[in-house]
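Reader: I would like to learn how to read a fold from its elements, its sheet and its core, taking one feature at a time.

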Amino acid sequence: MTTRTAAERRAETAVAYDAFVAQCPSRELLARISDKWVALVLAALRTDGSHPFGADCAGTPRPMRYSELSRLLAGVSQKMLTQTLRTLERDGLVSRTATATVPVTVTYELTDLGFSLHETMRALKTWAETHLDDVHAHRAAYDARHPAPAARPA
């Protein structure tokens, strides 16, 4: 019997993943990374700390403080951002570094695994911003062809 390394065993198992199969564990990961806040956090971890309205997330990834991410991701609650960052850290996509200062400085940075997903998330964000008007036009056309049923009186 041949001895295989853990990396070889993982590689063999990975070949068997197929997200179209209902029991495939890759579906859990797809659900995780398709979350709105996960996608935006991964896209936000970039070089340029400023983000004027309509600007792309240009630059290469860099560490960002919690407060920077919170300001950049308008509308995210403190609880949701904290949960999202913890989940990304647990999944190995983001690393958290605490520096002993007063007060403590905490930064978040993409890991190599997270960086491998960064460009995809930036592209997805850009696609959504670029094609939103087209999608709205298609929705309006669909709704005009398929009116909602009238509400029944109570």
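Reader: Which pattern does the protein chain follow when read along the sequence?

Author: This is a predicted model, and its protein chain, read along the sequence, follows the pattern α-α-α-β-α-α-β-β-α. The secondary structure comes to six helices and three strands.

Reader: How should I read the sheet, and in what order do its strands lie?

Author: Strands of a sheet pair through backbone hydrogen bonds, either parallel or antiparallel. Here the three strands form an open sheet in the order β1-β3-β2, and the pairing is antiparallel. Because β1 (64-65) and β2 (94-99) each have a single partner strand, they stand at the edges, and one side of each is left without a neighbour in the sheet.

Reader: How many bridges join β1 to strand β3?

Author: Two bridges join β1 to β3, which covers residues 105-110, and methionine 64 has tyrosine 108 of β3 as its bridge partner.

Reader: Which residues have the most contacts inside the largest nonpolar core?

Author: In soluble globular proteins, nonpolar side chains tend to be buried together. In this model the largest nonpolar core has 24 residues, and Leu42 and Leu69 are those with the most contacts inside it. The elements that give two or more residues to this core are α3 (36-44), α4 (66-72), α5 (78-90), β3 and α6 (112-145), with α3 giving the most, seven residues.

Reader: With which residues is leucine 69 in contact, leaving aside its neighbours within four places in sequence?

Author: Leucine 69 is then in contact with Ala44, Leu45, Met64, Leu81, Leu85 and Tyr108; of these, Met64 and Tyr108 are also bridge partners.

Terms used:
Residues are numbered from 1 along each chain as its sequence is written. This is a predicted model: local features need pLDDT of at least 70, side-chain atom pairs count only at pLDDT 80 or more; totals for chains, interfaces and linings use all residues. Side-chain values use heavy atoms; hydrogens and water are left out. Two strands pair if DSSP finds at least two bridges between them. Helices (H or I, at least four residues) and strands (E, at least two) are DSSP runs, numbered from the N terminus. A nonpolar core is a set of buried Ala, Val, Leu, Ile, Met, Phe, Trp, Tyr and Cys residues joined through side-chain atoms within 4.5 Å. Buried means under 20% relative accessible area, exposed over 50%, partly exposed in between (1.4 Å probe, protein chains only). Contact means heavy atoms within 4.5 Å.
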